[in-house]
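Please load the model in your viewer and keep the sequence panel open beside it. We will go from one selection to the next.

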Amino acid sequence: MTESTGSKVTLPEAMTGKASPAKAAVGDKPVFAYIASLPQPQRGIAEAVDALAAKTLPDLQRSVKWGMSYYGVGDGWCFSCGGFASHVKLMFINGVDLKPVPPVTPQGMGKATRGVELHTVEDLDERQVAAWMTSIASVPGVGGKKR
């Protein structure tokens with residue numbers, strides 16, 4: 001994979017820190033650049049997650065943090081999406097409160113974070129993920145105030 005700077009990037013195997021060397025920045029443009037920097041099939045998966053988030057959450061805000069795309073509505077960040085060597089991790093902050101609770105407990109993202117690992121676009125259960133996005137966006141995210 002190459003980033004817009006042309007430097008070679010190797011995606012990590014698992015969630016042990018940053019997903020990529022993408023620089024922290026708020027807004028749509030940095031997230032779109034991060035997604036575009038991913039190799040296939042991770043790029044296609046991340047594009048599908050981003051499109052679903054935009055369709056599901058009308059007031060969606062985007063940011064790149066810790067080498068991944070982060071998404072929120074109002075105050076705070078609700079979920080993240082990051083490309084790894086063999087998959088994309090979609091992680092919900094405070095995901096332990098979702099019904100059903102997403103199956104993956106990532107390392108290094110907090111005890112309440114839960115999510116899914118997506119190896120192909122077909123692994124994205126749009127109906128379930130949209131329900132999780134809607135539910136998690138209805139409560140304060142990380143860095144936000146109580147709503």
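On this tour, a contact means heavy atoms within 4.5 Å. Keep in mind that this is a predicted model.

**Stop 1: colour by confidence.** The chain has an average pLDDT of 84, and 80% of the residues score at least 70. Compare strand E1 (residues 25-26), where confidence is lowest at a mean of 86, with H2, where confidence is highest at 97. Then select residues 1-8: pLDDT stays under 50 there, and the model has 14 contacts beyond four places in sequence for this stretch. Where pLDDT is low, the predicted coordinates should not be read in detail.

**Stop 2: helix H1.** Select residues 28-37 and show the side chains. Which residues of helix H1 are buried? They are Val-31, Tyr-34, Ile-35 and Ser-37. These residues sit on the same side of H1, because the arc they cover around the axis is only 160°. Now bring in what covers them: helix H2 (42-56) is included, as are strands E2 (60-65), E3 (68-73) and E4 (79-83).

**Stop 3: helix H3.** Move on to residues 126-137. With 12 residues at 1.5 Å a residue, helix H3 should span 16 Å, and the distance between its end C-alpha atoms, 16 Å, agrees. The buried residues of H3 are Val-129, Ala-130, Trp-132, Met-133, Ile-136 and Ala-137. They also take up an arc of only 160° around the axis, so they lie on the same side of H3. An α-helix has 3.6 residues a turn, so residues three or four places apart point the same way. To see what covers the buried residues of H3, show H2, E3, E4, strand E5 (88-92) and strand E6 (114-118), which are among the covering elements.

**Stop 4: Lys-55.** Now turn to helix H2, where you will find Lys-55. Is Lys-55 buried or exposed? With a relative accessibility of 63%, Lys-55 counts as exposed.

**Stop 5: Ser-80.** Select Ser-80 in strand E4. Its relative accessibility is 1%, so Ser-80 counts as buried. Beyond four places in sequence, Ser-80 touches Met-68, Ser-69, Tyr-70, Lys-89, Leu-90, Met-91 and Met-109.

**Stop 6: Leu-90.** From Ser-80, step across to Leu-90, which is in strand E5. Leu-90 is buried, with a relative accessible area of 0%. Which residues surround Leu-90, leaving aside neighbours within four places in sequence? Leu-90 is in contact with Val-49, Phe-79, Ser-80, Cys-81, Arg-114, Gly-115, Val-116, Leu-118 and Val-129.

Stop 7: Show Cys-78 and Cys-81. Cys-78 counts as buried at 1% relative accessibility, and Cys-81 is buried with a relative accessible area of 1%. How many disulfides does a search of the whole structure find? The search finds 0. End in the loop between E4 and E5, at His-87. His-87 is buried, with a relative accessible area of 4%, and its side chain makes a polar contact with the side chain of Ser-86 at 3.1 Å.

Note on methods
Residues numbered from 1 in each chain as written. Heavy atoms only, no water. Buried < 20%, exposed > 50% of the residue type's maximum accessible area, 1.4 Å probe, protein only. Helix = DSSP H or I, 4+ residues; strand = E, 2+ residues; numbered from the N terminus. Arc of directions from axis to C-beta. Expected span 1.5 Å × (residues − 1). pLDDT = per-residue confidence, 0-100. Disulfide = S-S within 2.5 Å. Polar contact = N/O pair within 3.5 Å; in protein donor to acceptor, adjacent residues only side chain to side chain.
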